[in-house]
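The sequence and structure are shown first.

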Amino acid sequence: MSAIQPFDMVLFGGTGDLVMRKLLPALYHQHQDSNLPEQGRILCLGRSQPDHASYLTVAEKAARQYLGSYFKESDWASFASRLVYLKLDAGEKTAYAALAEKLNEFPEHVRVFYLATAPNLFAGICENLAAVGLNKGGSRVVLEKPLGHDLASSQAINAQVGKFFKESQIYRIDHYLGKEAVQNLLALRFSNTFFEPLWRREWISDVQITVTEQVGVEGRGDFYDKAGALRDMVQNHLVQLLCFIAMEPPASADPDAVRDEKLKVLRALRRFGPQEVATKTVRGQYKAGASNGKPAIGYQEEPGISPNSTTETFVALKAEIDTWRWAGVPFYLRTGKRMQDRLAEIVINFRQVPHSIFAMPASTTSNRLVIKLQPDESVRMYLLAKQPGDQMKLKQVHLDLDFDEMFKTRRPDAYERLLTDVIRGRLTLFMRRDELDEAWRWVEPILDAWEQNDETPKQYTAGSWGPAASSALLSRDGFCWHEEG
């Protein structure tokens with residue numbers, strides 16, 4: 001891996017939750033592992049702290065909480081020497097002169113502007129950066145989701161940012177793509193000969209992508225009630241995972257070669273009409289129950305949520321890809337809050353043997369590949385083997401690739417990988433503008449149909465696996481969710 005160049009990383013929203021909980025810990029880990037050059041500064045911008053010293057106090061308190069046993073006094077002291085706090089109002093144009101003066105101390109550094117702010121500030125920040133010449137040369141801008149509320153608003157944000165930064169300078173981040181297991185999905189597919197011949201409709205019966213959480217809205221009620229699960233999770237995280245599973249082998253590892261193939265998948269996704277939305281999507285909303293052994297209130301009782309809210313906290317849908325490789329193979333996507341388990345996994349179910357000479361186990365699928373992204377990351381292949389004894393009885397067994405056991409090293413967090421990729425100028429794991437547009441084009445008819453239908457989301461008990469209609473969606477095709485099989 002190439003060495004990281006000297007850099008200045010500027011964190012807008014430097015006092016916010018994302019910076020404290022994810023970005024600073026990720027950079028600390030890279031510092032602790034000696035992966036950052038000595039000439040690497042982290043400029044944290046915000047309004048809530050009066051000065052540099054008070055910011056360091058707040059940052060250290062958060063680091064102790066989020067880093068746990070990885071927090072070391074000596075490592076933090078050396079890492080903190082990289083931090084520079086600037087009190088800056090992102091909407092105040094005159095404040096950017098001081099930022100430019102600070103950055104121009106090292107004009108040769110790669111400059112990364114991470115916009116950990118509300119999307120409505122993106123355009124103004126980029127305009128203000130350009131006004132003081134900070135959009136030139138090796139400058140890069142990282143955009144956090146959500147990028148818009150629909151196709152039109154997403155295109156407006158991208159057009160506004162595009163006035164001041166070239167497409168090659170824009171990094172639209174989706175942290176799921178930085179997970180080790182997602183990287184291993186690409187390695188499994190494109191570095192091993194025995195998977196590729198099977199990776200098609202003749203041998204795969206169905207694909208399931210699940211990302212579920214045990215938590216509720218966690219103080220984000222005002223944001224979440226305007227977004228919902230389809231915008232918050234499906235349009236970005238789950239669709240991106242689908243693209244990695246379904247894409248054709250790219251000609252090279254070049255960023256645009258990979259992203260061109262993802263774009264082809266997005267364009268081949270069958271669009272939903274009103275009838276398809278009614279029969280191939282499920283929207284749900286959690287009601288009171290128990291989560292992780294504790295009582296949990298319903299969504300409509302959460303702070304900041306209207307008692308009559310019809311926002312979905314659960315989505316399941318059947319996606320279909322109209323290509324020679326995938327015609328007839330359903331892709332089932334599922335996400336929800338207040339679910340039974342915190343889980344992110346991809347399940348590839350292979351077809352049964354055409355004729356078995358043995359009595360088959362009751363399991364609906366004998367062969368499957370399960371790629372788990374959280375809470376731990378692993379790859380597991382299920383197959384049938386003979387049980388010991390004098391009779392030919394088959395039992396499902398599995399082969400495991402457990403990253404902790406296999407590599408015996410700490411696996412970098414997704415943000416660690418993505419932040420260092422930005423500094424290095426690697427765009428492969430970031431969404432291109434045309435990708436984002438196509439994802440919105442696919443999702444928007446579902447949103448429109450739900451809005452016009454006026455049907456309320458199906459209720460499900462907190463701590464369950466979602467509404468019964470989710471299981472029925474698969475059972476109509478003769479399948480079931482992984483945990484039910």
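In which sense do β8 and strand β11 pair, parallel or antiparallel, and over how many bridges? In this predicted model, β8 and strand β11 (residues 314–319) are antiparallel partners, joined over four bridges. Within this pairing, Val-282 lies opposite Ala-316 of β11. Strand β8 also has a parallel partner, strand β17 (residues 458–461), to which four bridges join it. Here Tyr-286 has Tyr-460 of β17 as its bridge partner. Strand β8 itself (residues 281–287) is mostly covered, with six of its seven residues buried.

**The six-stranded sheet**

Another part of the fold is an open sheet of six strands, paired in parallel and ordered β3-β2-β1-β4-β5-β6. The edges are taken by β3 (83–87) and β6 (170–172); each has a single partner strand, so one side of each lacks a neighbour in the sheet. From one strand to the next, the twist averages 20°. Strands β1 (residues 7–12) and β4 (residues 110–115) are parallel partners over six bridges, and Phe-12 has Leu-115 in β4 as its bridge partner. Helix α2 (residues 52–67) packs on this sheet, where it touches β2 (40–46) and β3. The direction of helix α2 makes about 120° with that of β3.

**Aromatic pairs and charges over rings**

Across the whole structure, a search finds 17 aromatic pairs. Among them is the pair of Tyr-28 and Phe-79, which is edge-to-face because the ring planes meet at 85°, with the centres 5.8 Å apart. This pair links distant parts of the chain, since Tyr-28 belongs to helix α1 (residues 17–32) and Phe-79 to helix α3 (residues 73–80), 51 residues apart. Tyr-28 and Phe-79 are both buried.

How are the rings of Tyr-55 and Tyr-85 arranged, stacked or edge-to-face? The pair is stacked, with 10° between the planes and 4.8 Å from centre to centre. Tyr-55 lies in helix α2 and Tyr-85 in strand β3, so that distant parts of the chain, 30 residues apart, are linked. Both Tyr-55 and Tyr-85 are buried.

Elsewhere, ring pairs join Tyr-224, Tyr-286, Tyr-299, Phe-314 and Tyr-460 into a cluster.

| Charged residue | Ring | Distance from charged end to ring centre |
|---|---|---|
| Lys-179 | Tyr-176 | 5.3 Å |
| Arg-334 | Trp-481 | 3.9 Å |

**Cysteines**

A disulfide is a covalent bond between the sulfur atoms of two cysteines. How many disulfides does a search of the whole structure find? The search finds zero. For Cys-126, the nearest cysteine sulfur is that of Cys-44, 19 Å away, and Cys-126 is in no disulfide. A disulfide would require the two sulfur atoms to be within 2.5 Å. Cys-126 counts as buried because its relative accessibility is 0%. Cys-243, with a relative accessible area of 0%, is likewise buried.

How values were computed:
Residues numbered from 1 in each chain as written. Predicted model: local features only at pLDDT ≥ 70, side-chain atom pairs only at ≥ 80, totals over all residues. Heavy atoms only, no water. Pairing = 2+ DSSP bridges. Helix = DSSP H or I, 4+ residues; strand = E, 2+ residues; numbered from the N terminus. Axes fitted to C-alpha atoms, helices over the stretch in contact; angles between N-to-C directions. Contact = heavy atoms within 4.5 Å. Phe/Tyr/Trp six-rings, centres within 6.5 Å; stacked < 30°, edge-to-face > 60°. Buried < 20%, exposed > 50% of the residue type's maximum accessible area, 1.4 Å probe, protein only. Lys NZ or Arg CZ within 6 Å of the ring centre and 35° of its normal.
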